[in-house]
Amino acid sequence: MPELPEVETIKNVIEPQIQGLTIKKAAVRRPEVIAYPAAEEFCKQITEQIISFMERRGKFLMIHLANNSRIILHLRMTGCLLLTPPDDPEEKHTHIIMTLSSGMELRFSDPRRFGRFWLIQNGEDDTYSGIGKLGPEPFSPECSAAYLRERLKKRKRAVKQCLLDQGVIAGIGNIYSDEILFRANIHPSVPANRLTDGEWEILAAEISECLRYYIDKNVISAEDYLETKGQDYRNTPFLQVYGHAGEPCPKCGETLARTVIGGRSSVFCPGCQQG
């Protein structure tokens with residue numbers, strides 16, 4: 001599943017190419033991909049609307065329109081958003097195509113069909129997408145050590161599970177929770193209520209620093225993004241623990257271990273991240 005750094009990359013690649021363009025036509029092949037409103041109404045309401053800008057919130061993307069409506073989308077497990085020339089062969093499982101005034105097409109494909117779109121009209125409360133239930137952005141001043149300590153100091157759940165809670169912090173998934181905890185030297189299974197004040201300070205700092213680092217490593221040109229169908233995550237070679245179970249720790253050389261926490265695979269260093 002794309003997490004915050006990947007979703008930020010998609011926004012950074014696509015926004016400059018669609019900003020100011022008009023959606024001339026919209027076609028939905030799989031109506032269930034449009035969670036709200038009905039697919040026919042969705043297409044009707046966005047047609048002839050000008051795209052003002054894009055925004056990321058957690059793992060959500062938002063396309064803001066000039067009439068103050070906004071298209072919200074979540075890629076979920078396998079969703080992909082591409083801006084393509086109209087004569088480019090379609091990816092398998094292409095479910096939505098928006099034809100833009102430039103002649104280019106904004107296409108959404110998703111083999112597993114878990115991705116969802118919502119259209120929230122100007123003045124309408126968003127009680128549909130769940131975006132209003134998200135916690136603060138990892139880069140916001142609100143996401144401080146004091147905030148984390150206050151929200152999580154009484155929780156007996158593993159700290160990794162707490163990082164995955166989108167109501168606590170928006171945008172962190174399985175990959176970057178492993179990376180953050182490794183950088184902070186905190187064992188992923190340690191209950192949140194056992195962290196010290198010093199560990200909360202380190203964790204808060206590493207959350208933002210780690211995610212910024214991987215956003216920077218994932219920079220890609222629009223041409224390369226299209227050529228690789230949005231699947232070339234250039235930060236992958238820089239992951240230190242995720243996907244590296246059984247390999248030497250890059251810090252101390254001890255063998256990285258794998259465990260399961262809350263049903264999710266976790267990789268950590270038994271030497272650097274002692275429980």
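This is a predicted model: local features need pLDDT of at least 70, side-chain atom pairs count only at pLDDT 80 or more; totals for chains, interfaces and linings use all residues.

The entries below record what I looked up, topic by topic.

**Entry 1. Nonpolar cores.** I began with the interior. In soluble globular proteins, nonpolar side chains tend to be buried together. Here I found that the largest nonpolar core has 35 residues. Within this core, the residues with the most contacts are I14, F42, I46, I71, L81, M98 and F117. Helix 1, residues 4-18, gives the most to this core, with 5 residues. I then looked up a second, separate core, which has 30 residues, including Y147, L152, I175 and W200.

Leaving out residues up to four places away in sequence, F42 touches V28, I34, Y36, P37, I71, M98, F117, W118 and L119. Among these partners, I71, M98 and F117 are also listed with the most contacts inside the core.

**Entry 2. Helix 5.** How many residues of helix 5 are buried? I found 9 of the 10 buried, so helix 5 is largely enclosed by the rest of the structure. The buried residues are N174, I175, Y176, S177, D178, E179, I180, L181 and F182. They pack against helix 1, helix 4 (159-164), helix 6 and strand 11 (264-268). Just after helix 5, I recorded a positive phi of about 60° at N185.

**Entry 3. Helix 5 against helix 6.** Two packed helices are described by the angle between their axes and the distance between the axes. For helix 5 (residues 174-183) and helix 6, I read an angle of about 125° and axes 9 Å apart. Helix 5 and helix 6 are therefore oblique to each other. Their crossing is right-handed. On the side of helix 5, the contact is made by Y176, E179, I180, L181 and R183. Helix 6 contributes L203, E206, I207, E209, C210, L211, Y213 and Y214. By class, I noted 9 nonpolar, no polar and 4 charged residues in the contact of helix 5 with helix 6.

**Entry 4. Helix 3 against helix 6.** I next took helix 3 (residues 145-152), which packs with helix 6 at an angle of about 115°, the axes being 8 Å apart. The crossing of helix 3 and helix 6 is also right-handed. Helix 3 brings A145, L148, R149 and L152 to the contact, and helix 6 brings D197, W200, E201, A204 and I207. The contact of helix 3 with helix 6 divides into 6 nonpolar, no polar and 3 charged residues.

**Entry 5. Helix 1 against helix 6.** At what angle do helix 1 and helix 6 pack? I read about 45°, with their axes 9 Å apart. Helix 1 and helix 6 are therefore oblique to each other. Helix 1 passes helix 6 in a right-handed crossing. In this contact, L4, P5 and E8 of helix 1 meet L211, Y214 and I215 of helix 6. The residues of the contact of helix 1 with helix 6 comprise 5 nonpolar, no polar and 1 charged.

**Entry 6. E199.** I looked up E199, which is placed in helix 6. Its relative accessibility is 26%, so E199 counts as partly exposed. Aside from neighbours within four places in sequence, E199 is in contact with I186 and R194. E199 and I186 are 13 residues apart in sequence and, C-alpha to C-alpha, 7.8 Å apart in space.

**Entry 7. I220.** I found I220 in the loop between helix 6 (197-217) and helix 7 (222-227). Is I220 buried or exposed? At 11% relative accessibility, I220 counts as buried, because buried means under 20% relative accessible area. Not counting residues up to four places away in sequence, I220 touches T9, V13, Y225, T228, D232 and R234. I also recorded that I220 and R56 are 164 residues apart in sequence and 17 Å apart in space, C-alpha to C-alpha.

**Entry 8. S69.** Lastly I turned to S69, in the loop between strand 4 (60-65) and strand 5 (70-74). S69 has a relative accessible area of 2% and is buried. Residues up to four places away in sequence aside, S69 touches I63, H64, L119, I120, Q121 and N122. L119 is one of the residues that F42 touches.

Definitions and conventions
Residues are numbered from 1 along each chain as its sequence is written. Side-chain values use heavy atoms; hydrogens and water are left out. Helices (H or I, at least four residues) and strands (E, at least two) are DSSP runs, numbered from the N terminus. Buried means under 20% relative accessible area, exposed over 50%, partly exposed in between (1.4 Å probe, protein chains only). Contact means heavy atoms within 4.5 Å. Axes are lines fitted to C-alpha atoms, for helices over the stretch in contact, and angles run from 0 to 180 degrees between N-to-C directions. Angles under 35 degrees count as roughly parallel, over 145 as roughly antiparallel, 65 to 115 as roughly perpendicular and the rest as oblique. A crossing is left-handed if the near helix is turned anticlockwise from the far one by less than a right angle, and right-handed if clockwise. Ala, Val, Leu, Ile, Met, Phe, Trp, Tyr, Cys and Pro count as nonpolar, Asp, Glu, Lys and Arg as charged, and the others, Gly among them, as polar. A nonpolar core is a set of buried Ala, Val, Leu, Ile, Met, Phe, Trp, Tyr and Cys residues joined through side-chain atoms within 4.5 Å.
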